[in-house]
Amino acid sequence: LNPKGVPRVLQSRFSLPLALVCVPTSPAKTTKFKITVDTNQPPVDLSVLFPEFSTKSEDKEGNSLAFQFLAGANVTVVASKTSQRYRIQSDRFEDTWLVVNELVQRFDQHFSTLGVQDFKKSFSGPLPLQEYFLSVDHHFQLRVSAQQYQDLLSERAVQFRAIQRRLLTRFKDKTPAPLQNLDTLLDATYSQ
Ligand SMILES: *[C@@H]1O[C@H](CO)[C@@H](O)[C@H](O)[C@H]1NC(C)=O
């Protein structure tokens with residue numbers, strides 16, 4: 001706190017390690033979605049870019065690495081041996097973003113360490129807008145369902161407390177009226 005009693009705030013931006021959310025896995029050959037990143041520098045060995053992932057997923061013919069996310073999705077990165085292109089592929093389009101983002105950041109770092117001044121990376125070809133909009137729609141649907149579940153939950157909670165109150169009065173009564181299946185209703189509402 002500063003002398004006037006106002007809390008001081010320090011802000012710092014940093015990236016958490018990629019290894020917190022994924023582990024190495026074996027590369028997938030065929031996937032639904034592909035993104036190609038082009039560069040203007042000779043091909044880089046992926047195990048140099050991702051040293052913490054390179055042990056398990058060695059691939060002899062090409063230079064590839066695969067990541068399995070905690071939520072289950074797999075993303076494979078394939079580096080061409082002859083050109084300066086890198087393909088990021090997955091069965092779920094939205095799961096490619098983190099790997100693409102990480103790859104591009106590590107490129108920047110790698111080439112700046114090497115003292116390369118004019119490193120460029122690019123994406124050519126049509127933007128995968130259809131896949132993008134599908135992801136947006138899917139996300140929207142999930143948000144709508146989440147809200148519906150919230151509404152249902154609060155409705156059931158109101159019902160649960162109402163039954164509880166009635167049951168309590170009966171249990172406190174010296175000559176209680178029959179439960180009339182209120183106990184069953186309480187159980188059912190609880191599971192709902
Ligand atoms: C990801 O790869 C692992 C290992 O090959 C496999 O067991 C798993 O089912 C894959 N996940 C998905 C979502 O395909």
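This is a predicted model: local features need pLDDT of at least 70, side-chain atom pairs count only at pLDDT 80 or more; totals for chains, interfaces and linings use all residues.
**The core**

The largest nonpolar core holds 23 residues. Those with the most contacts inside it are L46, F50, F67, I88, L103 and F107. Five elements each supply at least two core residues: α1 (46-49), β3 (63-69), β4 (74-79), β5 (85-90) and α2 (96-113). Of these, α2 gives the most, with 6 residues. In soluble globular proteins, nonpolar side chains tend to be buried together.

Neighbours within four places in sequence aside, F67 is in contact with L18, C22, V23, T25, F50, F53, A73, N74, V75, V77 and V99.

**Helix α2**

The 18 residues of α2 should span 26 Å at 1.5 Å a residue, and the end C-alpha atoms are 26 Å apart, so expectation and model agree. The buried residues of α2 are T96, V99, V100, E102, L103, V104, R106, F107, H110 and F111. They pack against β2 (33-39), α1, β3, β4, β5 and β6 (121-122). Just after the helix, G115 takes a positive phi of about 80°.

D95 sits in the loop between β5 and α2. T189 lies in helix α4 (residues 182-191). Buried means under 20% relative accessible area. D95 has 16%, so D95 counts as buried. T189 is buried because its relative accessibility is 3%.

| Residue | Partner | Distance |
|---|---|---|
| D95 side chain | R92 side chain | 2.6 Å |

Residues up to four places away in sequence are left out of the next two lists. D95 touches F69, A73, V75 and S90. T189 is in contact with R156, Q159, F160 and I163.

**The annotated span**

An unreviewed UniProt entry places the feature "domain: PTHB1 hairpin" at residues 126-192. In the model, this span is 81% helix and 0% strand. The end C-alpha atoms of the span lie 47 Å apart.

Definitions and conventions
Residues are numbered from 1 along each chain as its sequence is written. Side-chain values use heavy atoms; hydrogens and water are left out. A nonpolar core is a set of buried Ala, Val, Leu, Ile, Met, Phe, Trp, Tyr and Cys residues joined through side-chain atoms within 4.5 Å. Buried means under 20% relative accessible area, exposed over 50%, partly exposed in between (1.4 Å probe, protein chains only). Helices (H or I, at least four residues) and strands (E, at least two) are DSSP runs, numbered from the N terminus. Contact means heavy atoms within 4.5 Å. UniProt positions are given in the numbering used here, feature names are shortened, and annotations may be inferred rather than shown by experiment. A polar contact is a pair of N or O atoms within 3.5 Å; within protein, one must be able to donate a hydrogen and the other to accept it, and residues adjacent in sequence count only if both atoms are side-chain atoms. The expected span of a helix is 1.5 Å times one less than its number of residues.
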